[in-house]
Amino acid sequence: MNTVAAAGSGAPAPGSVLSGRTALVTGAGSGIGRACAVALAAAGAAVHAVDVDAASAHATALAVGGKAHVVDLADADAIASLPGDVDVLVNNAGFQHVAPLEAFPLERFERMQRVMVTAPLLLMQHCLPHMRRGGWGRIVNVSSVHGLRASANKAGYVAAKHALEGLSKVAAVEGAPHGVTSNCVNPGYVRTPLVERQLDDLAAAGPGREEALAHVLLDRTPVKRLLEPEEVAAAVVWLCGPGSGFVTGSSLTLDGGWTAN
């Protein structure tokens, strides 16, 4: 029996999906992260909910019967306080800042890289030994269509998501002999607090909210609606399930056709 086949034997049986597995989700206090925590718990996983906001982290943990961890992922030293014995790692935490390239604040740019690139690296280093020992692991990195394409005025976010794509592929190559997969999910515009704030800012600058949604955010998207966080979470759970063991190093685009148009 080869190494990969032996590693695959550690996968959960069909029907149990993630029963007996432990998951850690960053940015779990709201939006995509909270939806992922809920969906993973529903699939049977014990969930660690990580967020910088204490109230949000505890609310999610309470909702899923999991454990809350209040951590600022920009602080590399704080990451060591998180549990490392997890089978599913969902790197979701992130934030947006919009400014022209020449005016992009260096402090903001560097913080974005720490939260969205360095923290995922450190969490992989923290969790991979447990995954390898068990012969099974799932790393899902919540990237974006901006991990595949660029938009003006989003230098920090686009740079971070492109870096996360590369990091995910390296983890896929190194994890394959140990039964560990690593993939990205790449949503378009999702109905999250981040996007709601973008809509508010656009509406305040001129057009009404509905006009801003239709003619700015969704102008290039053939499917004319926002993606729901629960739809992203469903893709994350699928990547952790028994039917996706051969899917690794991939970027699963959930963008309503945005990158095809």
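This is a predicted model: local features need pLDDT of at least 70, side-chain atom pairs count only at pLDDT 80 or more; totals for chains, interfaces and linings use all residues.
**Who takes part**
- On the residue count, domain 1 puts 13 residues into the contact, and domain 2 puts in 10 residues.
- Helix 2 (31-42) and helix 8 (229-240) are the elements that each give two or more residues to the side of domain 1 that touches domain 2.
- Sorted by class, that side of domain 1 comes out as 6 nonpolar, 3 polar and 4 charged residues.

**How much gets buried**
- Interface size is often quoted as the accessible area lost when the parts come together.
- For this pair, domain 1 and domain 2 bury about 980 Å² between them.
- Carbon and sulfur atoms account for 54% of that buried area.
- Over on domain 1, the residues losing the most area to domain 2 are Y189, V190 and E228, and together they make up 50% of what that side buries.

**Polar and charged links**
- Domain 1 and domain 2 are joined by 2 salt bridges.
- A salt bridge also pairs E231 with R225, whose closest N and O atoms are 2.8 Å apart.
- As for polar contacts, 4 residue pairs link domain 1 and domain 2, counting pairs with both residues at pLDDT 80 or more.

How values were computed
Residues are numbered from 1 along each chain as its sequence is written. Side-chain values use heavy atoms; hydrogens and water are left out. Contact means heavy atoms within 4.5 Å. Buried area is the accessible area (1.4 Å probe) that two parts lose on being put together, summed over both. A salt bridge is a side-chain nitrogen of Lys or Arg within 4 Å of a carboxyl oxygen of Asp or Glu. A polar contact is a pair of N or O atoms within 3.5 Å; within protein, one must be able to donate a hydrogen and the other to accept it, and residues adjacent in sequence count only if both atoms are side-chain atoms. Helices (H or I, at least four residues) and strands (E, at least two) are DSSP runs, numbered from the N terminus. Ala, Val, Leu, Ile, Met, Phe, Trp, Tyr, Cys and Pro count as nonpolar, Asp, Glu, Lys and Arg as charged, and the others, Gly among them, as polar.
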